[in-house]
Amino acid sequence: MAAYSDLTNDVLEHITSFLAFPDHYRFGAVCKNWRSVSKRRRYPPVPQLPWLVLGEEKETRKRKFYSLSDAKHYSIEIPELHGRYICGSSYGWLFAVDIKINGTLVNPFTRECYELPPFPAFSTKTDVTTLVEKVDSDYKGGPRNFTFEEMRTLIVFKAILSHDPKERSDFTAMIMFGKFRTPAFWRSGDLCWTVVDGPEVSMHDIVYFKGNFYVLSPGNELYVVDFESKPKLIEVGPQVDIEGIPAQRYLIDFNGNLLLIERFCECVEEKVEELLNVTVEFNVMEPNLEENILYEWHHLDDFAVFLGRNSSIYVNSNHFPKCKRNGIYFTHTTDSHSAEKFGCHDLGVFHMTNKTISKFYSDEVFPPLVGSPVWFTPNPW
């Protein structure tokens with residue numbers, strides 16, 4: 001029998017076709033020949049469950065990730081993410097904001113970057129200073145009462161992409177910024193962001209679905225972004241009376257269906273005079289744009305969805321033994337002072353079958369963590 005170092009390249013390349021992303025690096029560490037084969041990257045890594053982007057290690061500045069597939073943490077040196085706040089992810093790319101409020105679109109594993117233009121200045125309609133009176137209007141003069149680190153978490157609530165930049169150069173980035181989480185877009189090559197005109201309400205979510213960006217308001221009004229000469233939001237419905245007040249609403253392209261998911265939270269007493277905001281339930285609905293109504297979904301069958309400040313993700317649980325079928329995985333996204341003391345405690349998976357919540361992450365995510373943990377799917381080559 002031949003020694004492992006004597007295996008032919010075609011056999012070694014075939015082996016790599018069965019490896020997950022972290023195993024490619026372990027494979028390359030075996031010997032010189034295996035390392036040479038691993039660098040060719042002939043086969044993409046086998047699909048994995050989404051990872052969580054966490055904070056940095058204080059001493060090494062390495063970025064921490066949590067892989068749900070193997071329940072392991074990975075600390076990876078990625079200089080492009082040093083000291084940066086992650087406010088969104090799409091197709092394995094991360095939106096990172098540095099301490100001076102400069103934005104960068106980063107693929108953390110290929111190290112490809114797009115430097116983004118300065119974020120839109122707050123106008124009188126979208127000025128967070130009218131709400132908290134703590135942020136300068138153009139980000140250049142420095143904060144009034146907040147530090148830059150605190151200020152940047154108020155500016156961009158969420159960011160997504162229309163396409164994978166590695167596959168299409170004509171992609172569009174969309175952010176929700178300011179007091180009203182106003183939509184603004186940037187196309188590769190543009191010199192600035194273009195603000196989308198719309199109602200003065202604090203938008204909840206945005207999704208790219210079948211060639212259009214859709215935006216969701218607090219009252220479940222659904223808008224499509226019109227990219228004509230003066231970009232604006234056009235209401236397409238539905239507007240339906242609902243029971244309760246969700247803490248957050250999400251939109252997701254779910255297997256070719258546009259779904260609306262509501263997240264409900266409650267305050268619970270952790271200790272004397274200490275209240276924590278925790279998730280208790282989700283509702284899943286499908287907007288029918290022609291009839292202007294919402295159809296309620298009671299199950300997701302074999303699928304699971306992943307919600308947070310990322311492009312919402314869904315996977316077929318049959319392909320991943322450790323994935324909870326008919327489940328909704330969520331991260332801590334509420335703006336709460338409790339996170340400063342207790343960490344990002346509100347992470348879990350909601351089981352639609354029996355409407356219970358369990359933990360997928362055993363430890364609380366404690367500071368230093370700027371912003372919330374963000375789901376993303378590695379797109380390494």
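**Sheets, helices and cores in a predicted model**

The side chains of Ser-67 and Asp-70 are joined by a polar contact of 2.8 Å (a polar contact being a pair of N or O atoms within 3.5 Å, where, within protein, one must be able to donate a hydrogen and the other to accept it, and residues adjacent in sequence count only if both atoms are side-chain atoms). The structure is a predicted model, in which local features need pLDDT of at least 70 and side-chain atom pairs count only at pLDDT 80 or more, while totals for chains, interfaces and linings use all residues. Residues are numbered from 1 along each chain as its sequence is written, and side-chain values use heavy atoms, with hydrogens and water left out.

Ser-67 lies in strand E2 (residues 63–67); helices (H or I, at least four residues) and strands (E, at least two) are DSSP runs, numbered from the N terminus. Ser-67 is buried, with a relative accessible area of 0%. Here buried means under 20% relative accessible area, exposed over 50%, and partly exposed in between, with a 1.4 Å probe and protein chains only. Residues up to four places away in sequence aside, Ser-67 touches Gln-48, Trp-51, Lys-72 and Tyr-74, contact meaning heavy atoms within 4.5 Å.

Helix H3 (residues 32–40) has Trp-34, Val-37 and Ser-38 buried. These residues lie on the same side of H3, because they cover an arc of only 100° around the axis; the arc is that of the directions from the helix axis to the C-beta atoms. An α-helix has 3.6 residues a turn, so residues three or four places apart point the same way. The exposed residues Lys-32 and Lys-39 are carried on the face of H3 turned away from its buried side. Helix H1 (9–16) and helix H2 (21–28) are included in what covers the buried residues of H3. Arg-41, which follows H3, has a positive phi, near 50°. In H2, the buried residues are Phe-21, Pro-22, His-24, Phe-27 and Gly-28. They pack against H1, H3, strand E1 (51–56) and strand E3 (72–76).

The largest nonpolar core has 20 residues, of which Phe-95, Phe-119, Ile-175 and Trp-193 touch the most other members. A nonpolar core is a set of buried Ala, Val, Leu, Ile, Met, Phe, Trp, Tyr and Cys residues joined through side-chain atoms within 4.5 Å. At least two residues of this core are supplied by each of strand E4 (85–90), strand E5 (93–97), strand E8 (156–161), strand E9 (172–177) and strand E10 (182–187). Among the residues that Ile-175 touches, not counting those up to four places away in sequence, are Phe-119, Val-156, Ala-184 and Trp-193. Another core, of 17 residues, lies apart from the largest one, and its members include Leu-52, Ala-304, Cys-323 and Leu-347.

Cys-323 is found in the loop between E21 and strand E22 (327–330). Cys-323 is buried, with a relative accessible area of 9%. Not counting residues up to four places away in sequence, Cys-323 touches Leu-49, Ala-304, Val-315, Ser-317 and Tyr-329. Cys-323 and Ser-69 are 254 residues apart in sequence, and their C-alpha atoms are 7.8 Å apart in space.

An open sheet of five strands, with mixed pairing, has the order E21-E20-E22-E23-E24; two strands pair if DSSP finds at least two bridges between them. Strand E21 (313–316) and strand E24 (356–358) are the edge strands, each pairing on one side only. From one strand to the next, the twist averages 25°, with axes taken as lines fitted to C-alpha atoms, for helices over the stretch in contact, and angles running from 0 to 180 degrees between N-to-C directions. Strand E23 (residues 348–351) and E24 run antiparallel and are joined by three bridges. Opposite Phe-350 stands Ile-357 in E24.

Four strands form a further open sheet, E12-E13-E14-E15 in order, with antiparallel pairing. Strand E12 (205–209) and strand E15 (232–235) each have a single partner strand, so one side of each is left without a neighbour in the sheet. Neighbouring strands of this sheet are turned against each other by 35° on average, direction ignored. Three bridges connect the antiparallel strands E13 (residues 212–216) and E14 (residues 222–226), and Val-215 stands opposite Tyr-223 in E14. The loop between E12 and E13 contains Lys-210. Lys-210 is not a glycine but has a positive phi of about 50°, and Lys-210 is exposed, with a relative accessible area of 63%.
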